[in-house]
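Please find below a colleague's note on the chain shown here.

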Amino acid sequence: MKPKVYITRKIPDETLALISEVCEVALWEQEDLPVPYEVLEKAVVEVDGIYSLLTDNIDEALISKAKNLKVISNMAVGFNNIDLKAATARGIMVTNTPGVLTETTADLTFALLLATARRLVESSDFLREGKWKTWSPMLLTGQDVYGATLGIIGMGRIGEALAKRAKGFDMRIIYHNRNRKPAVEKELNAEYVDLDVLLKESDFVVIMTPFTPETVNLIGKRELSLMKKTAVLINTARGGIVNEKALYNALVKGEIWAAGLDVFEEEPVPLDNPLLSLPNVVALPHIGSASKKTRMTMANLAAENLLQALAGKTPPNLVNVDLLKG
Ligand code: DGY
């Protein structure tokens, strides 16, 4: 009998074909919106596997309904949408898609940094709105990126890839992480510093850390007040790491200079979020890994994780490795 799988959104045909070859598939494809919780709650009861996205809230209540569930395969590197503890307690494998999106996400992060520093969106709007009357000495002036200090919070794969790009701009690289990375320090001349030192010394503070209970509101009022008045904050990790109210206040009061955000506390970000009213905020709809090639690779890797787990093997990207011990 084929294992039963629920896929929570329309995925590429190629990926669907891979899964359908060996599994009995049900999927949410009515519209390109997250599957309603109640629908997933019903589906989870009988299935052996779930193919999920970061927009699916797979909490303990939902997991507890499952009778046969062996694997939850998330098509994302982040897995904060899944209650890992609840899954592990029931012996359910959780997998993610690390590695394959590193360079694409680092590209977008550096693009956002440049766009925010040099006011690209504001300048483009200025031109389209017919406000460009003449060349003017201080018109739409921004911050230099070349030779500036880059502070990376979270030196994982993507942080390292970002630092490599920053080398080409002759930036001084400082970082803060749970543990030091001697190889990165050597190769990229990066310097490990305390979080407060990073905030005080950086021209660009980039958040690259995973979203965990420890990183909720990691950057709040106190942290923002330590930053330079000319500093730019970039977040392409998860919205909840930065306290948005505190960020709005810091931007309005001129405590920091600008922010580039690809992620928000609530997504999609409500249009009345005050941050969207500020010209010194560049806002993107969570597109860090959104290149055609990378999204295809992520989709197929999530399928591979799912199928390996259903075949009784250890999937390539098992998150709850503790399961292997027991
Ligand atoms: C992830 O994978 O966690 C990103 O946020 C989207 O690619």
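A contact means heavy atoms within 4.5 Å. Among contacts in the chain between residues at least 6 apart in sequence, 59% join residues at least 24 apart.

1. Basis of the note. This is a predicted model, in which local features need pLDDT of at least 70 and side-chain atom pairs count only at pLDDT 80 or more, while totals for chains, interfaces and linings use all residues. Residues are numbered from 1 along each chain as its sequence is written, and side-chain values use heavy atoms, with hydrogens and water left out.

2. Overall fold. The chain has 13 helices and 12 strands (DSSP runs numbered from the N terminus: H or I of at least four residues for helices, E of at least two for strands). Its radius of gyration is 21 Å, close to the 20 Å that the globule rule gives for 326 residues, so the chain is as compact as a globular protein of that length. The radius is taken over C-alpha atoms, and the rule is 2.2 Å times the number of residues to the power 0.38. Along the principal axes, the C-alpha atoms fill a box of roughly 70 × 50 × 35 Å.

3. Burial. Of the 326 residues, 47% count as buried (under 20% relative accessible area; exposed is over 50%, and partly exposed lies in between, with a 1.4 Å probe and protein chains only).

4. Cis peptide. Glu267 and Pro268 are joined by a cis peptide bond with omega about -5 degrees. Pro268 is found in the loop between β11 (258–261) and β12 (281–283). Most residues other than glycine have a negative phi, and most peptide bonds are trans.

5. Positive phi. Asn189, although not a glycine, has a positive phi of about 55 degrees. Asn189 is found in the loop between α8 (182–188) and β8 (191–192), and is exposed, with a relative accessible area of 59%. His286, also not a glycine, has a positive phi of about 50 degrees and lies in the loop between β12 and α12 (292–310).

6. Helix α12. This helix has 19 residues and reaches 27 Å from its first C-alpha to its last, close to the 27 Å expected at 1.5 Å a residue; the expected span is 1.5 Å times one less than the number of residues. Its buried residues include Met298, Leu301, Leu306 and Leu310, and also Asn300 and Asn305. The cover over the buried residues of α12 includes β1 (4–7), α1 (13–22), β3 (49–52) and α5 (102–117). Just after α12, Gly312 takes a positive phi of about 80 degrees.
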